[in-house]
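Student: Can you walk me through this one? I'd like to start with the overall picture and then zoom in.

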Amino acid sequence: MEVINALGRRKTAVARVYLKSGSGSIVVNKRDFREYFPTGILQFVVEQPLSLTGNLGAYDIKVNLDGGGINGQAEALSLAISRALCEINSEYRPVLKAKGLLRRDPRMVERKKPGQPKARKKFQFSKR
């Protein structure tokens, strides 16, 4: 099996995934993913596509993560892994789609407008 690569994005985070058959190691930016994502919730988010398709421990995954915060990076990685798994076997698609793992979350930070301190907050109004 050749190396399958996929891309996942969330907010400003970008995850580039290189997936090949192996022992199940996930390396993120040359570190183990359990070290990179210290909380159990983020580790669950990363492993969710693999566990749903029954591929936990079947593939070696090398990841380049860039931009955003730790939560956005975890969700970008989840999307990238889901897309790579669909490339390997199209039968995984309905399972992943039902859990919403193939949808790119479109929510982004709203830009700051001129004449306002933040995106929606206004300066205090004084009548007199």
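Tutor: We'll go from the overall fold to the sheet, and then to a single residue. Keep in mind that this is a predicted model.

Student: Okay. How many helices and strands does the protein have?

Tutor: Four helices and five strands. Starting at the N terminus, the order is β-β-β-β-α-α-β-α-α.

Student: Is the protein spread out or compact?

Tutor: More spread out than a compact globule, because its radius of gyration is 18 Å, well over the 14 Å that the globule rule gives for 128 residues. The C-alpha trace spans about 75 × 30 × 25 Å along the principal axes.

Student: What share of the residues is buried?

Tutor: Buried residues are 38% of the 128. As for the surface, the protein exposes about 8,200 Å², and carbon and sulfur atoms supply 51% of that.

Student: And charges? How many side chains are positive and how many negative?

Tutor: There are 25 positive and 11 negative side chains. The centres of the two sets lie 16 Å apart.

Student: Now the sheet. In what order do the strands sit?

Tutor: S1-S2-S5-S3-S4, in an open sheet with mixed pairing. The edges are strand S1 (4-10) and strand S4 (31-32), and each of them pairs on one side only.

Student: What holds strands together in general?

Tutor: Strands of a sheet pair through backbone hydrogen bonds, and they can be parallel or antiparallel.

Student: So which way do S1 and S2 run, parallel or antiparallel?

Tutor: Antiparallel, with seven bridges between them. In that pair, Ala6 stands opposite Val17 in S2. The two strands form a hairpin with two residues between them. Lys11, in the turn, has a positive phi of about 55 degrees.

Student: Where do the side chains of S1 point?

Tutor: They alternate. Ile4, Ala6, Gly8 and Arg10 point to one face and are buried.

Student: What about S2 and S5? How many bridges join them?

Tutor: Eight, and the strands run antiparallel. S2 covers residues 13-21, and S5 covers residues 59-66. Two of the pairings: Lys20 has Asp60 as its bridge partner, and Ser21 has Tyr59.

Student: Which sense do S3 and S5 pair in, parallel or antiparallel?

Tutor: Parallel, over three bridges. S3 takes in residues 26-28. Val28 stands opposite Val63 in S5.

Student: Switching to helices. Where is Leu50?

Tutor: In helix H2, which covers residues 40-53.

Student: Why does Leu50 count as buried?

Tutor: Because its relative accessibility is 4%, and buried means under 20%.

Student: Which residues does Leu50 touch?

Tutor: Setting aside residues up to four places away in sequence, Leu50 touches Ile26, Asn55, Leu56, Ile61, Ile81 and Leu85.

Student: And how far is Leu50 from Leu96?

Tutor: Their C-alpha atoms are separated by 9.6 Å, though the two residues are 46 apart along the chain.

Student: Last one. How many of the contacts join residues at least 24 apart?

Tutor: Among contacts between residues at least 6 apart in sequence, 67% do.

Note on methods: Residues are numbered from 1 along each chain as its sequence is written. This is a predicted model: local features need pLDDT of at least 70, side-chain atom pairs count only at pLDDT 80 or more; totals for chains, interfaces and linings use all residues. Side-chain values use heavy atoms; hydrogens and water are left out. The radius of gyration is taken over C-alpha atoms; the globule rule is 2.2 Å times the number of residues to the power 0.38. Buried means under 20% relative accessible area, exposed over 50%, partly exposed in between (1.4 Å probe, protein chains only). Contact means heavy atoms within 4.5 Å. Accessible areas come from the Shrake-Rupley method with a 1.4 Å probe; for residues, only the protein chains shown count as cover. Lys and Arg count as positive and Asp and Glu as negative; His and the chain ends are not counted. The place of a charge is taken as NZ of Lys, CZ of Arg, CG of Asp or CD of Glu. Two strands pair if DSSP finds at least two bridges between them.
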